[in-house]
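Thanks, everyone. I will take a few local features in turn, and the structure goes up on the screen now.

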Amino acid sequence: MRPLILISNDDGYHSVGIRSLVDFVKDLADVIVCAPEAARSGFACAFSAATPLRLKRRHNMGDIEVWSCSGTPVDCVKLALDQLCTQRKPDLILGGINHGDNSTVNTHYSGTMGVAMEGCMKYIPSVAFSNCNYDEEASQEPLRHYIREIVQKVLAEKLPRGVCLNVNFPNVSEFKGVKVCRMTYGRWVNEVVRCYHPRGYDYYWMTGEYANDEAGAEGTDQQALAEGYVAITPTTMDVTAYDFMATVEKWKL
């Protein structure tokens with residue numbers, strides 16, 4: 001039996017990225033799509049605890065079974081596993097292809113990574129793919145070879161329990177290759193723009209600029225991308241700071 005791949009994203013079921021991802025892997029496995037009905041960027045691992053959800057069958061990818069969900073990317077994975085994959089557990093969950101960079105601390109905000117983390121928490125091998133080209137209509141074709149290679153490798157060899165992959169593609173005309181990296185330490189600054197409404201109150205836009213706190217550091221995802229390499233960051237579900245546990249124990253609380 002062919003393996004089963006569940007695909008979701010945070011840009012919506014209609015996006016170029018998710019349609020490209022389906023096209024890249026549909027000959028490797030049976031594919032089912034469950035993705036947000038509209039863009040849900042920045043939702044990370046959020047799910048809808050107090051809002052009812054809707055599923056709707058779509059028909060925008062030929063013979064592929066496509067569903068949209070009114071909730072978050074994580075909602076999509078949860079609903080798909082509970083309602084759409086009752087006969088078969090997916091062998092692999094994919095998030096993306098995201099229109100934008102999900103390296104460094106963006107990992108923690110990303111709905112695309114939320115897809116992969118939710119799969120990881122269900123002990124299903126999971127991979128998130130992101131293209132640092134923010135043009136929503138940009139061709140994803142240059143990513144085809146690498147995505148297929150990664151998908152085939154993960155299908156064949158699986159991933160360790162509690163580990164998923166965060167894969168980012170640089171915005172260059174030709175990739176130099178692949179580097180396995182750690183996450184760069186960085187942060188977003190100047191994140192809030194305060195505005196004044198004519199009706200007499202303040203309102204705010206969330207925006208920001210990324211500050212790389214270890215620019216040029218080798219072995220980081222940001223440096224790999226800057227050099228034109230595809231950055232693969234193995235990411236763990238377990239966030240325990242093991243190296244610091246002994247220090248806390250010495251506090252004698």
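The model is a predicted one, so please hear every value as computed from it.

Just after α5 comes Lys158, with a positive phi of about 65°.

Next, helix α4, residues 111-121. Of its 11 residues, 10 are buried, so the helix is largely enclosed by the rest of the structure. The buried ones include Met113, Val115, Met117 and Glu118, and the glycines Gly111, Gly114 and Gly119 are also among them. What caps the N-terminal end of α4? Ser110 does, through a side-chain oxygen that lies 3.0 Å from the backbone nitrogen of Thr112. After α4 comes Tyr123, and its phi is positive, near 60°.

One of the buried residues of α4 is Cys120, which brings me to the cysteines. How many disulfides are there? The count comes to 0. Cys120 is in no disulfide, and the nearest cysteine sulfur, that of Cys164, is 4.6 Å away. Cys120 has a relative accessible area of 2%. Cys181 is in no disulfide either; for Cys181 the nearest cysteine sulfur belongs to Cys132, at 11 Å. Cys181 is buried too, at 8% relative accessibility.

Now the rings. There are 6 aromatic pairs by count. Phe169 and Phe175 make one of them, with 5.5 Å from centre to centre and 50° between the planes, and this pair is tilted. Phe169 has 0% relative accessibility and counts as buried. Phe175 is buried as well, with a relative accessible area of 13%. What about the pair of Phe244 and Trp251: how are its planes set? They are at 80°, with the ring centres 6.0 Å apart, so the pair is edge-to-face. Phe244 is partly exposed at 42% relative accessible area, and Trp251 is partly exposed at 49%.

Which residues do ring pairs link into a cluster? They are Phe129, Tyr146, Phe169 and Phe175.

Two lysines have a charged end over a ring. Lys179 has its charged end over the ring of Tyr229, 4.4 Å from the centre. Lys78 lies over the face of Phe47, at 5.5 Å from the ring centre.

Last, the backbone. Most residues other than glycine have a negative phi, and most peptide bonds are trans. Where is there a cis peptide bond? One joins Gly96 and Ile97, with omega at about -5°. Ile97 is found in strand β5, which runs over residues 92-99.

Ala44 is not a glycine, yet its phi is positive, at about 50°. Ala44 is placed in the loop between β2, residues 30-36, and β3, residues 55-58. It is buried, with a relative accessible area of 15%. Asn190 has a positive phi of about 50° and is not a glycine either. Asn190 is in the loop between β9, residues 186-189, and β10, residues 192-197. Is Asn190 buried or exposed? At 54% relative accessibility, Asn190 counts as exposed.

That is my list; I am happy to go back to any of it.

Technical notes:
Residues are numbered from 1 along each chain as its sequence is written. This is a predicted model: local features need pLDDT of at least 70, side-chain atom pairs count only at pLDDT 80 or more; totals for chains, interfaces and linings use all residues. Side-chain values use heavy atoms; hydrogens and water are left out. Helices (H or I, at least four residues) and strands (E, at least two) are DSSP runs, numbered from the N terminus. A disulfide is a pair of cysteine sulfur atoms within 2.5 Å. Buried means under 20% relative accessible area, exposed over 50%, partly exposed in between (1.4 Å probe, protein chains only). Rings of Phe, Tyr and Trp (its six-membered ring) pair if their centres lie within 6.5 Å; planes under 30 degrees apart count as stacked, over 60 as edge-to-face and the rest as tilted. A charge sits over a ring if NZ of Lys or CZ of Arg is within 6 Å of the ring centre and within 35 degrees of the ring normal. A polar contact is a pair of N or O atoms within 3.5 Å; within protein, one must be able to donate a hydrogen and the other to accept it, and residues adjacent in sequence count only if both atoms are side-chain atoms.
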